[in-house]
Amino acid sequence: MTRSLRFPDGFLWGAATAAYQIEGSPLADGAGPSIWERFAHTPGLMADGDTGDIACDHYRRHAEDVRLMQALGLTSYRFSIAWSRVLPEGTGRVNAKGLDFYARLVDDLLEHGITPNVTLFHWDLPAALDDRGGWLNRDSADWFAEYAQVMFRALDDRVPLWTTLNEPWVVVDGGYLRGTIAPGHRNLYEAPRVTHNLLRASGAAVAAYRAEGRHRIGVVFNLEPKYPASTRQEDRDATRRAHAYMNTQFTDPVLRGVYPEALAALYGAAWPDFPAADLECIRQPVDFVGINYYTRQVVRDDPTQPPLRAAGVPQRQRTHTETGWEVYEQGLIDTLLWFRDRYGTVPVYLTENGAAFYDPPQAAGPVVEDPLRVDYLERHLKTLRRAIDAGVDVRGYYAWSLLDNLEWSLGFAKRFGLYHVDFSTQRRTPKRSALRYAQIIASHGAALDEA
Ligand code: PNW
């Protein structure tokens, strides 16, 4: 007899998006520009010259998109607020029209029985704040707390789940070390300072929430398990360094109040002496942690590369996505068990999981066939169910993403959506994975048994 894969009662079935990736109309109704507006309009930085000027036109089609969520049977939707729609200069004056867009979206979600899960920062820093040093300025923690407070006061009566930051590692690594995303810096000295100010900002927002929020707040990390390419000591050491850089650089200070020791050696002379009191602010207890899981990395020591540039060893025999990520669902349970063992029983949401695959264009067909994404979804949900059986307190799952969208500097060519978007007509078409996810949701996971 097969054990039923039904998920626990109250488990949230979601999909996720981010403001700049889907909304379009980035300057509408009095919004200020963000660093993504600037980055995307700097020639040569975006694949195919793509921008978020229109994206999925969600700013104007949000009602239609909520109906797509309803068709899936979603019980939760994770989205982000564009800070500069609400505070065009980043601090100070509030733009009522910007706030209003999100208030209407929240109301619409609630009317459809969908729990909003709101991310305050998914990478689109107001450009006005970048002009003041952005995340390199220690004042950024106060700016963020001020903005967070505006949002709490406007929406906490209707929003039960808040997250401060999405994936600080990607901001630090892509935005300040490698320059692949906004603001496009390449500076080893900036990276650890940005880590620190992002985490201080998150802590300050959590503290503000404790003062006046009535629900729950957490932070979202992208975690990627690291496995040594061999049993050689050099490979094991390189694996530990890669893990400290990508994972515990963020989770340890927030959940234990310390930076991993390995960081000082990794950053070398760029590692600053942070005031000890900052760690107390960073360590504000959170109500939950969001984990974004996509893939793993197999690490081999490479003495010819700087320590933060460790490239993974390709696993050629296995399936990879269009962004070059190995499909490795075992890494999800490994990560969740590691997280629970290291940090204890803090509730977890899987706030992103998904895959870019090439979806063959199907002229006017009712469904886009995406067998690889169906397989990815089923593998990861089954593995998530095993983690819950093993005692990890996982409260919900969010597929990345509801819609094909702007995959940051990779543009529109990398499609992660459950719904296909034709970017010339804005027509949305369900992919097979959307229909499969709807079945799984309707059966509360039991339909996974047949897969
Ligand atoms: C996440 N990595 O980004 C983001 O939260 C989404 O906005 C994005 O569209 C999605 O994943 C797909 O890429 C990541 O290099 C970017 O490990 C890079 C990494 C992880 C997550």
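Which pocket is the space taken by the ligand? That space is the largest pocket, where a pocket is an open set of points on a 1 Å grid over the protein atoms alone, with protein on both sides within 12 Å along at least five of seven lines. This is a predicted model, in which local features need pLDDT of at least 70, side-chain atom pairs count only at pLDDT 80 or more, and totals for chains, interfaces and linings use all residues. Residues are numbered from 1 along each chain as its sequence is written, and side-chain values use heavy atoms, leaving out hydrogens and water.

**Polar contacts (N or O atoms within 3.5 Å)**
- An N or O atom in the side chain of Trp408 lies 2.9 Å from an oxygen atom of the ligand.
- For a polar side-chain atom of Tyr294, the distance to a ligand oxygen atom is 3.1 Å.
- The side chain of Trp400 has an N or O atom 3.2 Å from an oxygen atom of the ligand.

**Cysteines**
- The count of disulfides (cysteine sulfur atoms within 2.5 Å) is zero.

Methods
A polar contact is a pair of N or O atoms within 3.5 Å; within protein, one must be able to donate a hydrogen and the other to accept it, and residues adjacent in sequence count only if both atoms are side-chain atoms. On a 1 Å grid over the protein atoms alone, a cavity is a set of points where a 1.4 Å probe fits but cannot get out, and a pocket is an open set with protein on both sides within 12 Å along at least five of seven lines; lining residues have an atom within 4 Å of a point. A molecule sits in a cavity or pocket if more than half of its atoms lie within 2 Å of its grid points.
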